[in-house]
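Please keep the sequence and the 3D view at hand while reading.

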Amino acid sequence: MEDKGAPAGMIETQLRAWGAELDRLKAKVEKQLAEARADYYDHIEELREDIESQLKKWGKEIVQELRRSIQAELTALEPEIEALKTKAGKAEAEAKKLIDELKARRKVLKEKLSELKHASGGAWEDVKTGATRAWDELRPALQSAISKFR
């Protein structure tokens, strides 16, 4: 029986040695796996930082390009804006002139109407003619002014 025990003891010793070797290899693999994970996550972090850096750089470039484009369009539109300002100024001056002219004609018409109220017999015909003429002059000027500024 001793003969049978010896090989069993040797097998157990061999199994323990192999178990120890497996534990050592397992520890080595776990260490290498942890190092690989750390390297992997470090590399991922570097890539993320690089991507963020590029996005910031591209974002600034895009904003600068957009700013340049808008500035170029504004510069190109500047003469048109100035021309419109000039036209608006002229139109305003023309409108003021027309308003002054209409006010003057209205004043003449009001005077003629006042004369018409106070006119007697023979003078009434002259006043009526003057009032009609004043109204005939005011009406087309007023219509022209209205249609011009609508």
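The model is predicted. Its largest nonpolar core consists of seven residues, and eight salt bridges are counted.

**The nonpolar core**

- The largest nonpolar core is made up of Leu98, Leu102, Leu109, Ala134, Leu138, Ala141 and Ala145.
- Helix H1 and helix H2 (121-148) each contribute at least two residues to this core.
- Helix H2 is the greatest contributor, with four residues.
- In soluble globular proteins, nonpolar side chains tend to be buried together.

**Patches on the surface**

- Tyr40, Tyr41, Ile44, Leu47, Ile51, Leu55, Trp58 and Ile62 form a nonpolar patch on the surface, and together they have about 860 Å² of accessible area.
- Ile44, one of the residues of this patch, belongs to helix H1.
- Ile44 has a relative accessible area of 36%, so it is classed as partly exposed, because that class lies between 20% and 50%.
- A patch of negative charge on the surface brings together Glu35, Asp39, Asp42, Glu46, Glu49 and Asp50.
- Asp42, from the negative patch, is located in helix H1, which covers residues 2-118.
- The relative accessible area of Asp42 is 46%, and this residue is partly exposed.

- Arg16 and Glu12 are joined by a salt bridge between their side chains, with an N to O distance of 3.2 Å.
- Both Arg16 and Glu12 are in helix H1, four residues apart, which is about one turn of the helix.
- Arg16 is exposed, at 55% relative accessible area, whereas Glu12 is partly exposed, at 44%.
- Arg48 and Glu45 form a salt bridge through their side chains at 2.2 Å, N to O.
- Because Arg48 and Glu45 are three residues apart in helix H1, about one helical turn separates them.
- Arg48 is partly exposed at 36% relative accessibility, and Glu45 is partly exposed at 31%.
- The side chains of Arg68 and Glu65 also meet in a salt bridge, at 3.1 Å from N to O.
- Arg68 and Glu65 lie three residues apart in helix H1, about one turn of the helix.
- Arg68 has a relative accessible area of 49% and is partly exposed; Glu65 is partly exposed as well, with 44%.

**A distance along helix H1**

- Gln54 is in helix H1 and is partly exposed, at 26% relative accessibility.
- Gln54 and Tyr40 are 14 residues apart along the chain, and their C-alpha atoms are separated by 21 Å.

Key. Residues numbered from 1 in each chain as written. Predicted model: local features only at pLDDT ≥ 70, side-chain atom pairs only at ≥ 80, totals over all residues. Heavy atoms only, no water. Patch = residues over 30% accessible without salt bridge, like charges linked within 9 Å, V, L, I, M, F, W, Y side chains within 5 Å. Areas by Shrake-Rupley, 256 points an atom, 1.4 Å probe, with all protein chains shown as cover. Salt bridge = Lys/Arg side-chain N within 4 Å of Asp/Glu carboxyl O. Lys, Arg positive; Asp, Glu negative; His and termini not counted. Charge placed at Lys NZ, Arg CZ, Asp CG, Glu CD. Buried < 20%, exposed > 50% of the residue type's maximum accessible area, 1.4 Å probe, protein only. Core = buried A, V, L, I, M, F, W, Y, C linked by side-chain atoms within 4.5 Å.
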